[in-house]
Amino acid sequence: MNKQKRLEIFQRLAEAIPEPETELNYSTPFELLIAVILSAQATDKGVNIATDKLFPVANTPEAIYALGEEGLKEYIKTIGLFNTKGANIIKTCKMLIELHNSQVPDNRKDLEALPGVGRKTANVVLNTAFGHPTMAVDTHIFRVSNRTKLAPGKNVLEVEQKLLKNVPKEYIIPAHHLLILHGRYTCTARKPRCGACCIYDLCEYKEKTA
Ligand code: SF4
C-alpha cells in the first residue's frame with residue numbers, strides 16, 4: 001500500500017470518527033490505568049459498569065489499596081478474571097505508592113514493571129493519558145491492519161512496528177482509536193460492513209464484500 005493511500009485512509013477515518021477516544025470511562029491517568037488492566041478479555045461496557053461504582057469510592061492508589069483485595073473484588077466481580085486482576089491491581093497500587101509517589105509513570109519501563117501491565121496496557125496509557133505516539137494493537141487493530149493491508153503482520157508486535165512506520169505523522173496519536181473504533185463498528189470480525197465503509201475503495205482486502 002502506498003503512502004498516499006495510507007494518508008487518505010486516515011483522512012477519511014478521521015472525518016468519519018470525529019472523536020477518536022477510548023470508550024472506557026476515566027478522569028485521571030490512574031483511573032485509566034485501572035480501567036485498562038480490568039479491560040483485558042472484557043468489554044469496555046462491562047468495565048465501565050464496575051468502575052462507575054468503584055471510582056466514586058476509591059480512585060487513588062491509597063484508596064484502592066485500603067480496600068484490600070477482598071474489598072476491591074466486591075466492585076469488580078462481574079468482570080472476567082477478576083481474581084487475578086484484583087490481586088494485580090492491589091500490588092500495582094502498592095508499587096505506585098512506594099516507588100512513584102502515587103503517580104502513574106509516563107514511561108514504558110516503569111509501566112511494564114507494574115503487575116498486570118503488559119506492553120499493550122502500557123501502550124494504551126502512554127498514548128491516551130500522556131499523548132505518546134504508541135500503538136496498542138488489540139484484536140480490532142490487528143484485524144483492520146491486516147485486512148486493509150495498512151500494516152500486515154503475523155503477530156501484534158509486527159503490526160505495531162509496521163503501524164508506527166506506516167501511519168502518517170499527523171495521525172500517529174489518534175490512529176490507535178481510529179482503527180479500534182473502525183474495527184469495532186465497521187470492519188467487524190465476522191461480517192465486515194464493507195457496504196457502509198468509508199475506505200471501501202482504498203481497502204486491499206481481497207474478500208471485501210460489495
Ligand atoms: S472495506 Fe470491508 S474489509 Fe475493508 S476496511 Fe472496510 S469494512 Fe473492513
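**Figure 1. Contacts of Cys-203 in the predicted model.** Leaving aside neighbours within four places in sequence, Cys-203 is in contact with Arg-147, Thr-148 and Lys-208. The structure shown is a predicted model. Cys-203 lies in the segment after H10. Its relative accessible area is 13%, and because buried means under 20%, Cys-203 falls in the buried class.

**Figure 2. Surroundings of Cys-194.** Cys-194 is also found in the segment that follows H10. With 8% relative accessibility, Cys-194 counts as buried. When residues up to four places away in sequence are not counted, Cys-194 touches Tyr-200, Lys-208 and Thr-209.

**Figure 3. The four annotated cysteines.** An unreviewed UniProt entry carries the annotation "binding site" for Cys-187, Cys-194, Cys-197 and Cys-203. These residues are spread over 17 residues of sequence but cluster in space, with a largest C-alpha distance of 10.6 Å. Cys-187, Cys-194, Cys-197 and Cys-203 are all part of the lining of the largest cavity.

**Figure 4. Helix H10 and what covers it.** Of the 11 residues of H10, 9 are buried, so the helix is largely enclosed by the rest of the structure. The buried residues are Ala-175, His-176, His-177, Leu-178, Leu-179, Ile-180, Leu-181, His-182 and Gly-183. Their cover includes helix H1 (3-16), helix H7 (119-128), H8 and helix H9 (156-166). Two of these covering helices, H1 and H8, are taken up in the next views.

**Figure 5. Crossing of H8 and H10.** Helix H8 spans residues 139-148 and helix H10 spans residues 175-185; their axes come within 8 Å and cross at roughly 85 degrees. H8 is therefore roughly perpendicular to H10. On the H8 side, the contact is formed by His-140, Ile-141, Arg-143, Val-144 and Ser-145. On the H10 side, the residues are His-176, Leu-179, Ile-180, His-182, Gly-183 and Arg-184. By class, this contact of H8 with H10 has 4 nonpolar, 5 polar and 2 charged residues.

**Figure 6. Crossing of H1 and H10.** The axes of H1 and H10 come within 10 Å, with a crossing angle of roughly 75 degrees. This angle makes H1 roughly perpendicular to H10. Phe-10, Leu-13 and Ala-14 of H1 meet Ala-175, Leu-178, Leu-179 and His-182 of H10. The contact of H1 with H10 contains 6 nonpolar residues, 1 polar residue and no charged residues. Leu-179 and His-182 of H10 take part in this contact and also in the contact with H8.

**Figure 7. Gly-131 in the loop between H7 and H8.** Gly-131 sits in the loop that joins H7 and H8. Gly-131 is partly exposed, at a relative accessible area of 39%. Leaving aside neighbours within four places in sequence, Gly-131 is in contact with Leu-126 and Ile-173. The C-alpha atoms of Gly-131 and Ile-172 are separated by 9.9 Å, although the two residues are 41 residues apart along the chain.

Figure 8. In an unreviewed entry, UniProt places the feature "domain: HhH-GPD" at residues 38-185. Over residues 38-185, the chain is 65% helix and 0% strand. The end C-alpha atoms of this stretch are 22 Å apart.

How values were computed
Residues numbered from 1 in each chain as written. Predicted model: local features only at pLDDT ≥ 70, side-chain atom pairs only at ≥ 80, totals over all residues. Heavy atoms only, no water. Axes fitted to C-alpha atoms, helices over the stretch in contact; angles between N-to-C directions. Helix = DSSP H or I, 4+ residues; strand = E, 2+ residues; numbered from the N terminus. Parallel < 35°, antiparallel > 145°, perpendicular 65-115°, else oblique. Contact = heavy atoms within 4.5 Å. Nonpolar A, V, L, I, M, F, W, Y, C, P; charged D, E, K, R; others polar. UniProt positions renumbered as here; feature names shortened; annotations may be inferred. 1 Å grid on protein atoms, 1.4 Å probe; cavity = no way out; pocket = protein on both sides within 12 Å on 5 of 7 lines; lining within 4 Å. Buried < 20%, exposed > 50% of the residue type's maximum accessible area, 1.4 Å probe, protein only.
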